Amino acid sequence: MISGWTQRIFTLLMAATFLAACSDEVVNPPKELDDIEEKFSVQSSWVDVIGQGDEEKFNSLSPALWQDKLITADVKGLITAFEIKSGKVIWETDLKQPLSGGVTANAGLVAVGTKNAQVHVLDVNDGKKLWHVDVTTEVLAKPAISDGRLVVRTPDGRIFAYSLASQKQDWFYDRIIPNLTLRGTSAPVATSGIVITGFANGKMAAFNLRTGDLIWEQRISAPRGSSEISRIVDVDSTPVVYSNYLYAAGFNGFAIAMDLTNGRYLWREEASVTEELLVDARRVYMVDTKGRVVALDRITGEEVWTQEGLLYRKPTGAADNGDYIVLGDFEGYLHWLDKSTGEFVARTYLDRYGIAGKPIVTDEHVIATTRYGYLHVLENPLATSSEE
């Protein structure tokens, strides 16, 4: 029997296929890359195959970092811990289940979600399977581990919180979702005793991490248009906490900043975003659904610059790399942009399969995975240039 939310997704996909079939032309061709004057070069440190990739299928199996370990997962169930400097495999664990949500590493644990409606918890040091929990449907967002609890979001509007000590459910929250939603889920963010996540009805909500009590709820996106497709207002991007403020964005709605304690707006700007925002001391950097990269003032929300060089190239969310941001695209390029101006300052090609998710940046490395299961670990160009 097909579940209600699965049927809704199927209906949306069929509608999108029908609309695409109505035209023989490419409605929004990806922008060709312009030549740029590169300020620095980017060198590879090591490359490995991390298992079966997803090609064009959706998953959120981005790697996770824990001390000197880089932990990856593939869609077939293989979880691998690499030594980040050398690329040496520390351990491998095959769950023998299709994976779809994760990877999270915190408090000495690794958590990853499956398409079979489970979340598995492993020891980060040796990959030993410790325990697992059953939820209501497949897990598309990485779980959160904080303050002795594992928090899981599922696409059917539910949140589950489990005690790490007892492995038993502490609390549960259920939210009715619209008939049509995007294929994805806002990952829960746990901080300072609260859990924050977005919902398919266009709202963001905060809960007490210990009890599950609703603290506040705020609308990020409001339905507009006459058809069900045009009225989709899903909040799929993961919220970002910076200082005492929460930054988030929704599909077909707004990018917002709000007070973390009471949910009151600091500012709100119209936007359509599904990728995670990047926030630093001065700006908020977002990638909208058309591929524009936009920098907003963190305090006022005013636009600082817009870069349209990646229009319709399916750019990933941006990662922080000092004075620059770095993001990938569907053809397998990583791009570095100047934080102050939005200008391209460097570019490197990884492989033809396309970048699968937001890059990860450490002091020494830039890490990216591609859609067919390749893991690329690059030397951080800023660390290289500072040594020279």
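This is a selection-by-selection tour of the predicted model above.

Residues are numbered from 1 along each chain as its sequence is written, and side-chain values use heavy atoms, with hydrogens and water left out. Because the model is predicted, local features need a pLDDT of at least 70 and side-chain atom pairs count only at pLDDT 80 or more, while totals for chains, interfaces and linings use all residues.

**Confidence**

Colour the model by pLDDT, the predictor's confidence in each residue, from 0 to 100. The protein averages 85, and 83% of the residues score at least 70. Now select residues 178-182, where pLDDT stays under 50. The model has 21 contacts for these residues beyond four places in sequence, a contact being heavy atoms within 4.5 Å. Select residues 225-234 as well: the pLDDT there is below 50, and the stretch has 34 contacts in the model beyond near neighbours in sequence. Where pLDDT is low, the predicted coordinates should not be read in detail.

Select residues 149-154, strand S12. Helices (H or I, at least four residues) and strands (E, at least two) are DSSP runs, numbered from the N terminus. Six of the six residues of S12 are buried, so the strand is largely enclosed by the rest of the structure. Buried means under 20% relative accessible area, exposed over 50%, and partly exposed in between, with a 1.4 Å probe and protein chains only. Arg149, Val151 and Arg153 lie on one side of S12, and Leu150, Val152 and Thr154 on the other; both faces are covered.

Two strands pair if DSSP finds at least two bridges between them. Ser146 stands opposite Arg149. Two residues separate the strands of this hairpin, and Asp147 takes a positive phi near 50 degrees.

Ala161 in S13 is the bridge partner of Val151. This hairpin has three residues between the strands, and Gly157 takes a positive phi near 90 degrees.

Show the side chains of Ile71, Ile79, Leu99 and Val110, which touch the most other members of the largest nonpolar core, a set of 17 residues. A nonpolar core is a set of buried Ala, Val, Leu, Ile, Met, Phe, Trp, Tyr and Cys residues joined through side-chain atoms within 4.5 Å. Strands S3 (64-66), S4 (69-73), S5 (78-83), S7 (99-106) and S8 (109-114) each supply at least two residues of this core. S7 gives the most, with three residues.

Which residues is Ile79 in contact with, leaving aside its neighbours within four places in sequence? Ile71, Thr72, Ala73, Trp91, Glu92, Thr93, Leu95, Leu99, Val112 and Leu122 are in contact with Ile79. A second, separate core of 15 residues includes Leu109, Val139, Ile145 and Tyr162.

A search of the whole structure finds two cavities of 30 Å³ or more. On a 1 Å grid over the protein atoms alone, a cavity is a set of points where a 1.4 Å probe fits but cannot get out; lining residues have an atom within 4 Å of a point. Grid points are joined across faces, edges and corners, and a volume is the space filled by probe spheres set on the points.

Select Ser62, Pro63, Gly357, Lys358, Ile360, Ile367, Ala368 and Thr369, which line the second largest cavity. Its volume is about 50 Å³. Strand S32 (residues 365-369) gives the most to this lining, with three residues.

From S32, move to S33, with which S32 pairs in the antiparallel sense over five bridges. Thr369 stands opposite Leu375. Four residues lie between S32 and S33 in their hairpin, and Gly373 in the turn has a positive phi of about 95 degrees. Strand S1 (residues 44-49) is joined to S33 (residues 374-379) by five bridges, and these two strands run antiparallel. Ser44 stands opposite Leu378.

**Loop residues**

Select Ser192, in the loop between strands S15 (189-191) and S16 (194-198). Ser192 has a positive phi of about 50 degrees although it is not a glycine, and is exposed, with a relative accessible area of 70%. Then go to Ser243, in the loop between strands S19 (240-242) and S20 (245-249). Ser243 has a positive phi near 60 degrees and is exposed, with a relative accessible area of 51%.

Finish at Glu343, in the loop between strands S29 (333-338) and S30 (344-349). Glu343 and Gly309 are 34 residues apart in sequence and 9.2 Å apart in space, C-alpha to C-alpha.

Technical notes
On a 1 Å grid over the protein atoms alone, a cavity is a set of points where a 1.4 Å probe fits but cannot get out, and a pocket is an open set with protein on both sides within 12 Å along at least five of seven lines; lining residues have an atom within 4 Å of a point.
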